[in-house]
Structure formats: C-alpha cells, structure tokens
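Subject: Structure handover

Hello,

Here is the structure we talked about passing on. Please open it alongside this message.

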Amino acid sequence: MQHHKPDARPETRPGPHPEGTPAPPAGCPMAAPAPAAPTPALFSWQFAADPYPAYAWLREHAPVHRTRLPSGVEAWLVTRYVDARQALADARLSKNPVHHSENAHGKGKTGIPGERGANLMTHLLNIDPPDHTRLRRLVSKAFTPRRVAAFAPRIQELTDQLIDAMIEKQHGAERGSADLIHEFAFPLPIYAICDLLGVPPEDQDDFRDWAGMMIRHGGGPRGGVARSVKKMRAYLAELIHRKRAALQDGAPGDDLISGLIRASDHGEHLTENEAAAMCFVLLFAGFETTVNLIGNGTYALLRHPAQRELLQKSIAAGDEELLATAVEELLRYDGPVELATWRYATRELTLGGQRIAEGDPVLVVLAAADRDPARFDEPDVLDLTRRDNPHLGYGHGIHYCLGAPLARLEGQTALATLLTRLPDLRLAAEPEDLRWRGGLIMRGLRTLPVEFTPESAPDSSRPGS
C-alpha cells in the first residue's frame, strides 16, 4: 500500500514520459499512439477529491496507461473492467516484489512502508502459489461463513458502544456533532480485528495508536509509518511467544493467532515470520478497507437523500436484502480500495493492446473498472437496488480479499445501526471542504463531520432490542 504526503496527494512529478504521452516500456518497439488530448492530471488534490472524470478519460483514450507515480516509480494503470478482471487473475502478473525490475530510485517504494525493514514481507499480498495457497488455506479458517456469523453479536456490541459514546459526549446539547471517521469508522474495525486475532483488551489501544499513525501519516515520509510497523512487529513477536506458551499450558486458544501457532506446531510449516506477517497484514489491510467502506458509504448516502431514505425505510421494515445490495453498490460506487495492490510482470505480455515488459509494475484501478459503462448501466449513478453488480471492490481471482465477509458484516452493521439510531444524521461541512487522505492504494476521507439530534436515538431504537 503506497503512501505519500500528509494533507495532500502529491502532484505527479515531472519525468521522462510527460502525462499525455503513454510511454512504452524500456526496449519495447511497440509505442502507443498519443491520445488526441492531454492526459488529465493525476494524483493532485483535485484528482483525489473526484478521480472519476480522469479515470473515464483513461478508459476511453489510454485504458492501459504508463505513468510516473508521485513516488517516482513508473507503472501501468489498468482502467477498463475487462482488462482489470483479466489482470487480477493473470498468473503472469506476480505479487512478489522480487520480480520488479526496479532501479535504485524505485527500490523500496512499493508495498507497505516499513514491511521490508521489519521482516514482514511474507504475507498474502506479496507471495504467489504455492506459498500463497498454503498460507491462505490456514488463515481462511478464520473467515468461514459460520465463524463470521458467530462474530456478528460482537460487531453489533462494538457498534452500539461507539454510537453510545458519540451521544453521551453531547451532555444534553440540542444538536450533537462528531467526526464519524475518528469516532466511529476507524475504531470499529480496529477493535474487531484485534478481537479476531486475540490481542488482549489491555493492549488494543496500542494497536489503535499504531493504526492511527498509519492513517494520519500514511501520506507522509515512509519513515513515520515504518516506525509504527516496527513497534507492531515487535509486539506481534512477543504476543506469538505468549500465545504459544499459553497453548502449551492448556489454554483453549480459539483466536486466530493461536490457530496459526497450532497449525504450525502440527506440521503446516508456518514460520514465526510468516505468522507475524500474516497477523500484520490482516490488521493493516483489514482495518483501513473497512474504515473507508463505512466512511465513503455513509458520505455517499448523506449526499443521496432519496437513496438513504429508501434504505432507512427498508431497514425499519426488517428487509435485510436491500441492506446487502446497498453495501455492494457502495463498494462499487466509491469503494475503499482505489487501486489493487502491486503486481509485476514475470515475462513480457500484452494487456489491453499494450505490451508490458518483464519486470514492469502493474496497478489495476478498481475505481475505474467499477464505473466502466461497458459493464455497468449508468455507472455514475448510485442505485442501492442494483442487482447486476459483479464489482471488483474486493478483487478477483486467487487474491480475492480474504476478509471480505467480515468487512461486509461490519459495513452492514455499521450503516444499519447509524441510520436507525441516528436517523437525522447529516453532513456538518460542505463537500468541497472535505479532504481525502493521501496515498496510492486506498481511498478514504480524512474526516467526516456530522451532526445529529441525540434525543432521536433512544436505546429502544437499537436493532434487535
């Protein structure tokens, strides 16, 4: 997950291939014809606020587009749905950074900041089969439908506790206010994933602080995030040792970390580095996607009152079917992951009519593919009743997001409870004044100021009460 400046998505730096002229890979005789008009500016603040017009231009004029990223790394952006779906499942595009033909400037500028230095590279986002198959099989046991369903009451409890805290801090004020990102969307998945991993309650606030550093400073110097990653790595190593000792003493150990240790001790050949890296990526990748699902989804509903009212009435009537399709549409319309994580060509290949050289990085633009009019009717319209919706919000192929069932549960629970307990929830800022977090992979708001009437949220209105 690439990160850049705090407070801004950096402007595209000048390079040998100016925006507007898609360049062929080094040594490639096949050059793409220059588009009729200059390529829109990418990775500016204006782009971050609404990247969809630029993506529409790329889909039409340069669907597989080579560009220099703000970090200085050159990569191909894939924007059409059909090409994106192909790339996500193409075995010739490796997840392992060892295949990146990076120069000195690009070295270490892909992936999660700090993961190399903290020896956390051997996780699902960075490996291919057969190691990927082995590790995914182990972790997938934590995300079975039965396991996720059993976790639902805890998600509801966390959701209600956070809304209670938002209401209680008003001290009888006629109008309540909150930052929905930092007071709700951010802590909910942090505490949920900590519970799933088996992080003791007394240590969970440390995880919240480390994760907060990643979100607050993810756009800044990679060193700031890397320090938090190293602290997290040291803690995970200690926790794994404590869990192993507890298991040897007969503790039940029904959490994910204990399950990984138990599998390793029974011949699955899971190293300590692999176990630590797996826990790290589940936290890192799992919490931020859900923060953005809740944040972006709530923001979209607040800006589309007719759709929000339709969903509120459906929830009040006990119709869970619309809630499920609504979350899928919110994932498509303005999803939490803008670009899929890095891929590298293991040999020369052709994608969308462009020749990709061996070693070239490829970034699939999920946000662009999910608004492709060649696949979705009226793709720029938010339609919570949309049925034909095979969006790519959680990927496709063998790297499809392992935690998607849990993220969906958290998203459905969070939105349903917000709309039920805070029925008059409204924006407390102009849309043009909201800022989006810097970073290449994720898409999410820095803050989401909201207002509500505390008296309109009695405990008796809670779902299931």
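**Overall**

Please keep in mind that this is a predicted model. The chain has 15 helices and 10 strands. Of its 465 residues, 57% are buried. Take the contacts between residues at least 6 apart in sequence: 75% of them join residues at least 24 apart.

**Helix H15 and its partners**

Two packed helices are described by the angle between their axes and the distance between the axes. Helix H15 covers residues 404-421. Here is how H5, H11 and H13 pack with H15.

Start with H5, residues 145-168. The axes of H5 and H15 come within 9 Å and cross at roughly 40°. The two helices are therefore oblique to each other. The crossing is right-handed. On the H5 side, the contact uses Val148, Phe151, Ala152, Ile155, Gln156, Thr159, Asp160, Ile163, Asp164 and Ile167. They meet Pro405, Leu406, Leu409, Glu410, Thr413, Ala414, Thr417, Leu418 and Arg421 of H15. By class, that contact has 11 nonpolar, 4 polar and 4 charged residues.

Next is H11, residues 272-303. H11 and H15 pack at an angle of about 40°, and their axes are 10 Å apart. H11 also passes H15 in a right-handed crossing. H11 contributes Thr290, Leu293, Ile294, Gly297, Thr298 and Leu301. Facing them in H15 are Ala407, Glu410, Gly411, Ala414, Leu415, Leu418 and Leu419. This contact counts 8 nonpolar, 4 polar and 1 charged residues.

Then comes H13, residues 320-334. Its axis is 10 Å from that of H15, at an angle of about 110°. That makes H13 roughly perpendicular to H15. Leu323, Ala324, Val327, Glu328 and Leu330 of H13 touch Arg408, Gly411, Gln412, Leu415 and Ala416 of H15. The classes here are 6 nonpolar, 2 polar and 2 charged.

**Helix H2**

H13 turns up again at H2, residues 52-61. Which residues of H2 are buried? They are Tyr52, Ala54, Tyr55, Trp57, Leu58 and Arg59. Their cover includes helix H1 (45-49), strand E1 (64-68), H13 and helix H14 (366-369).

**A three-stranded sheet**

An open sheet is formed by 3 strands in the order E4-E10-E9, with antiparallel pairing. Strands E4 (176-179) and E9 (426-427) are the edges, each pairing on one side only. E4 is joined to E10 (residues 449-452) by 4 bridges. Look for aspartate 179, which stands opposite proline 449 in E10.

**Leucine 197**

Leucine 197 lies in helix H7, residues 187-197. Is leucine 197 buried or exposed? The residue has a relative accessible area of 0%, so it is buried. Beyond its neighbours within four places in sequence, leucine 197 contacts Asp255, Leu256, Ile257, Cys279 and Leu282. Aspartate 254 is 57 residues from leucine 197 in sequence. In space, the two are 9.4 Å apart, C-alpha to C-alpha.

Best wishes

Technical notes. Residues are numbered from 1 along each chain as its sequence is written. This is a predicted model: local features need pLDDT of at least 70, side-chain atom pairs count only at pLDDT 80 or more; totals for chains, interfaces and linings use all residues. Side-chain values use heavy atoms; hydrogens and water are left out. Axes are lines fitted to C-alpha atoms, for helices over the stretch in contact, and angles run from 0 to 180 degrees between N-to-C directions. A crossing is left-handed if the near helix is turned anticlockwise from the far one by less than a right angle, and right-handed if clockwise. Contact means heavy atoms within 4.5 Å. Ala, Val, Leu, Ile, Met, Phe, Trp, Tyr, Cys and Pro count as nonpolar, Asp, Glu, Lys and Arg as charged, and the others, Gly among them, as polar. Buried means under 20% relative accessible area, exposed over 50%, partly exposed in between (1.4 Å probe, protein chains only). Two strands pair if DSSP finds at least two bridges between them. Angles under 35 degrees count as roughly parallel, over 145 as roughly antiparallel, 65 to 115 as roughly perpendicular and the rest as oblique.
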